[in-house]
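Open the model in your viewer and get ready to pick out a few selections.

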Amino acid sequence: MLRVLGLGDNVVDQYMHIQTMYPGGNALNFAVYAGMMGHAASYMGNFGDDEAARHVYESITSMGIEVSRCRFYKGENGAAKVEIVEGDRVFLGSNKGGISNQHPLELTNMDKSYIADFDVVHTSIFSHIESQLPILGQTASFLSMDFSNYADKEYLRKTVPYLDCACVSCGEEMSEEEIKAQIDDIFSYGCRHIVIATRGARGAVVCVDGKLYRQSPCLVKAVDTMGAGDSFITCFLASYLEGMKYAADFPESGGKLGITRAEEYKDLTVKGSLYRAAVYSARNCQKEGSFGCGRKF
């Protein structure tokens, strides 16, 4: 079992066609999915004081997500307007993060001590956390960040040197050559360990320490694709890091495995984690919202 922290954004996704709101957000989803997988999951971020904030907070605390380091402000919680078209979520607009955009997280020394206790910390481009990345890069045991499909090269240059894992959404239209070029760019900017490139219904391309892997999707008739990428990323990273944490008991030289077997174990861990992530993501597409918990608005 890992100790996992989602750090940054939370929102409600307002499904306009059914007048129902669901909790979501990249950082929040990571914590929730990890908790569903049986890991010790926490969330740290900002909440407003409206009904949307209340719904997100009550939903995740009822699921056992630890929230002791969250902040609360007067104002609107992050919210996005959504509709579902043949099972695919389509964003119609948002309030740009609401209170989290107005009051970005500023980490205290107590926060740093708290963060240092986690095996993995995950944040996102929507978390407005850029100024805190140097602190996080030094404090977190393993730091991951989701850039969705919004980051340009200059933004990546400034942020990825602090990361162990960078996650990008490439969509179905991008060629594999273009994806490989983007992965190469991200490593050249200083990403330490992993790049995850999700491709929607075309699966994912993942590079771990210079070795490229391709994962085909587990195709299903989706009820709702909200959270498909987040669930894939969470399941892959949690499975991989848990597997490698186990392997740490076997030194690369002079241990029970030796160098060759250690590399074989790592390769199998990556492949198994990717397959598990594809299945987990497909199953998640069978529910409404990122993880259910809908409420009328």
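Start by selecting α8, residues 228–247: 15 of its 20 residues are buried, meaning under 20% relative accessible area with a 1.4 Å probe, protein chains only. Helices here are DSSP runs of H or I with at least four residues, and strands are runs of E with at least two, numbered from the N terminus.

A word on the model: it is predicted, with local features needing pLDDT of at least 70 and side-chain atom pairs pLDDT 80 or more, while totals for chains, interfaces and linings use all residues. Residues are numbered from 1 along each chain as its sequence is written, and side-chain values use heavy atoms, without hydrogens and water.

Next, show Tyr43, Ile60, Ile194, Ile196, Phe236 and Leu237, which have the most contacts inside the largest nonpolar core, a set of 47 residues. Such a core joins buried Ala, Val, Leu, Ile, Met, Phe, Trp, Tyr and Cys residues through side-chain atoms within 4.5 Å. The largest share, eight residues, comes from α8.

Now center on Leu237: among the residues it touches are Phe30, Phe142 and Cys165, leaving out those up to four places away in sequence. Contact here means heavy atoms within 4.5 Å.

Move on to α2 (51–62) and color Ala52, Ala53, His55, Val56, Ser59 and Ile60, its buried residues. They lie on the same side of α2 because they cover an arc of only 165° around the axis, taken from the directions from the helix axis to the C-beta atoms. Their cover includes α1, β4 and β5.

Last stop: Gly64 follows α2 and has a positive phi, near 90°.

How values were computed: Expected span 1.5 Å × (residues − 1). Buried < 20%, exposed > 50% of the residue type's maximum accessible area, 1.4 Å probe, protein only.
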